[in-house]
Amino acid sequence: MKILIACEFSGVVREAFARKGHDVWSCDLLPTEQQGQHIQCDVLTILDNNWDMMIAFPPCTHLAVSGARWFKDKKQEQAEAIQFFFKLANANIPKIAIENPIGIMSTHYCKPNQIIQPWQYGHG
């Protein structure tokens, strides 16, 4: 499959899929931390590149419930973050998975269809 790992600069997810034989590319505004197929740009500019699947990790700074006490002071930033999330979610890509902590997208988009806790994978 031709896979886009959106908003990832570490290369960890990208390389996991590459080891399985996929044509996988990460994309972020930052350079990649490990050598591999990485596009350094605004991911929105490459969403129409005939991807079979996208796994996205959009920034959650203005969306996660952990920052709710500051929501009233950053309405513009939050509106932009919501718009960015929707552009990823509505991309013309057959398979899309978006990681995001519990937050306001549960009311603006949909409830999560899966919640994973770090302790489920050995992290305290």
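This is a predicted model: local features need pLDDT of at least 70, side-chain atom pairs count only at pLDDT 80 or more; totals for chains, interfaces and linings use all residues.

**Entry 1: cysteines.** I checked Cys27 and found that its sulfur lies 3.7 Å from the closest cysteine sulfur, the one in Cys41, which is too far for a bond. Cys27 is buried, at 1% relative accessible area.

Next I looked at Cys60. The closest cysteine sulfur to its own belongs to Cys7, 11 Å away, so this is too far for a bond as well. Cys60 is partly exposed, with 27% relative accessibility. My tally by the sulfur distance rule: 0 disulfides.

**Entry 2: backbone angles.** Cys7 came up again when I turned to phi. Most residues other than glycine have a negative phi. I located Cys7 in the loop that runs between strand 1 (2–6) and helix 1 (12–19). Cys7 is buried, at 17% relative accessible area, because the cut-off for buried is under 20%.

Asn50 also has a positive phi, near 60 degrees, and is not a glycine either. I found Asn50 in the loop between strand 3 (38–40) and strand 4 (53–56). Is Asn50 buried or exposed? I wrote down exposed, from a relative accessible area of 66%.

**Entry 3: a charge and a ring.** I then looked for charges over rings. The charged end of Lys2 sits over the ring of Trp51, and I noted 4.8 Å to the ring centre.

**Entry 4: aromatic pairs.** How many aromatic pairs does a search of the whole structure find? I got 3. One of them joins Phe85 and Phe86 in an edge-to-face pair, with 6.3 Å centre to centre and 80 degrees between the planes. Phe85 is buried, at 4% relative accessible area, while Phe86 counts as partly exposed at 25%.

Phe86 also pairs edge-to-face with Tyr109, at 5.6 Å centre to centre and 80 degrees between the planes. I liked this one, since the pair links distant parts of the chain: Phe86 is in helix 2 (residues 75–89) and Tyr109 in the segment after helix 3 (105–108), 23 residues apart. Tyr109 is partly exposed, with a relative accessible area of 39%.

To finish, I put the ring pairs together: they link Phe85, Phe86 and Tyr109 into a cluster.

Key:
Residues are numbered from 1 along each chain as its sequence is written. Side-chain values use heavy atoms; hydrogens and water are left out. Rings of Phe, Tyr and Trp (its six-membered ring) pair if their centres lie within 6.5 Å; planes under 30 degrees apart count as stacked, over 60 as edge-to-face and the rest as tilted. Buried means under 20% relative accessible area, exposed over 50%, partly exposed in between (1.4 Å probe, protein chains only). Helices (H or I, at least four residues) and strands (E, at least two) are DSSP runs, numbered from the N terminus. A charge sits over a ring if NZ of Lys or CZ of Arg is within 6 Å of the ring centre and within 35 degrees of the ring normal. A disulfide is a pair of cysteine sulfur atoms within 2.5 Å.
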